[in-house]
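Me: I have a structure to read and would like to go through it feature by feature. Please give the general idea each time, then the case at hand.

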Amino acid sequence: MNALSISRFAPSPTGRLHLGHAFSALCAHDLARAKGGRFLLRIEDIDPTRCRPEHVAGILEDLRWLGLGWDGEVVFQSERLPLYAEALDRLKAMGLVYPCFCTRARIAAEIAASAAAPHGPDGPLYPGLCRELGEDERAARIAAGEAHAWRLDVARAAARAGPLAWHDSGAGEIAATPEVHGDVVLARKDAPTSYHLAVTVDDAAQGVTDVVRGQDLFAATHVHRLLQALLGLPAPRYHHHPLLTDEKGERLAKRAGSPTLASMREAGVDAGALAERLRARAKQ
């Protein structure tokens, strides 16, 4: 590892932080600080239907309570939309993305009707219903104002990029196989970008050298490595840490009602002791 590491913590402001978030933030913070590097904070607020300003304030409060300081200004993805649009336009110019007019209901019906729908890490793959539409039909439907997303033609993109690999601190050198995800969405009907595109663009723009995140995002790295190659962006080092679980072995998550850091603070939990317990867990 180089002497200088730049890591980041990039939560979505859809609720208060819980222990799983704290664990990830501490891992990213400590990796950078151990090398005299920089720890960045990025708010991934591209979903206007779920993100709330009050949750941003809560995130900052929770991190300060844990004793974590970040370098530079907090970056908000909602203020960086032109960067994502530019990246998407470059992929369009390469002929590697296509408009998808499918509703969720139509995709679900197509998958249900298939005797052997292919599956990826996140479930059934998009069946490619819009991939072969002609240019005239695509243009006419867009001109008519029909709602659409933009999908990456993964097979074509992978053929253009050629063999790729990425390095994970735990698993070593990994051959990139983005095809397992199918044609992923890069810009949605209700948002001008997606997680895959935004995180790839932002990590490069911010000079992130070490991406620290949960094991649940390990498979997403295959797509990110492909996008990096297509857009001429550097590939950071990856560190995918184990996920914290509750007493039932279930992953800590907002939707599962995991205890928040705010509730722990209100209950009188000592932040320093909590941080040390999480750091000890990271060393196991």
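Reply: Start with a pocket. Helix 10 supplies six residues to the lining of the second largest pocket, the largest share. This is a predicted model, in which local features need pLDDT of at least 70 and side-chain atom pairs count only at pLDDT 80 or more, while totals for chains, interfaces and linings use all residues. Residues are numbered from 1 along each chain as its sequence is written, and side-chain values use heavy atoms, with hydrogens and water left out.

Me: How much space lies in the second largest pocket?

Reply: Rolling a probe the size of a water molecule over the atoms shows where empty space is left. A pocket here is an open set of points on a 1 Å grid over the protein atoms alone, where a 1.4 Å probe fits, with protein on both sides within 12 Å along at least five of seven lines; lining residues have an atom within 4 Å of a point. Grid points are joined across faces, edges and corners, and the volume is the space filled by probe spheres set on the points. The second largest pocket holds about 340 Å³. Of its 18 lining residues, Phe23, Cys27, Arg279, Ala282 and Lys283 are the closest to the centre.

Me: Which elements each supply at least two residues of that lining?

Reply: Helix 1 (19-34), strand 12 (237-241) and helix 10 (271-282) do. Helices (H or I, at least four residues) and strands (E, at least two) are DSSP runs numbered from the N terminus. By class, the lining has nine nonpolar, four polar and five charged residues; Ala, Val, Leu, Ile, Met, Phe, Trp, Tyr, Cys and Pro count as nonpolar, Asp, Glu, Lys and Arg as charged, and the others, Gly among them, as polar.

Me: How many aromatic pairs does a search of the whole structure find?

Reply: A pair of aromatic rings is described by the distance of the centres and the angle of the planes. Rings of Phe, Tyr and Trp (its six-membered ring) pair if their centres lie within 6.5 Å; planes under 30 degrees apart are stacked, over 60 edge-to-face, and the rest tilted. The search finds two pairs. One of them, Trp166 with Tyr238, is edge-to-face, at 5.7 Å centre to centre and 75° between the planes. Trp166 belongs to strand 8 (residues 165-168) and Tyr238 to strand 12, so the pair links distant parts of the chain, 72 residues apart. Trp166, Phe218 and Tyr238 form one aromatic cluster.

Me: Is Trp166 buried or exposed?

Reply: Buried means under 20% relative accessible area, exposed over 50%, and partly exposed in between (1.4 Å probe, protein chains only). Trp166 counts as buried because its relative accessibility is 2%. Tyr238 is buried too, at 2%.

Me: Which residues of helix 6 are buried?

Reply: In helix 6 (residues 154-161) they are Val154, Ala157 and Ala158. Down the helix axis they fall within an arc of 100°, so they line one face; the arc is taken from the directions from the axis to the C-beta atoms. Ala155, Ala159 and Arg160 are exposed on the other side. The buried residues pack against strand 7 (149-152) and helix 8 (220-231). Just after the helix, Gly162 takes a positive phi of about 80°.

Me: What does Leu152 touch?

Reply: Contact means heavy atoms within 4.5 Å. Leu152, in strand 7, is buried at 0% relative accessibility. Not counting residues up to four places away in sequence, Leu152 touches several residues, including Ala157, Leu226, Leu227 and Leu230.

Me: Where is Val208 found?

Reply: Val208 sits in the loop between helix 7 and strand 11 (210-214), and is buried at 8%. Val208 and Ile6 are 202 residues apart in sequence, yet 4.9 Å apart in space, C-alpha to C-alpha. Beyond four places in sequence, Val208 touches Ile6, Arg8, Leu40, Asp203 and Pro236.

Me: Is Pro48 buried or exposed?

Reply: Pro48 counts as exposed, at 54% relative accessibility. Its place is the loop between strand 2 (38-43) and helix 2 (53-66). Pro124, in strand 6 (residues 123-124), is partly exposed at 43%.
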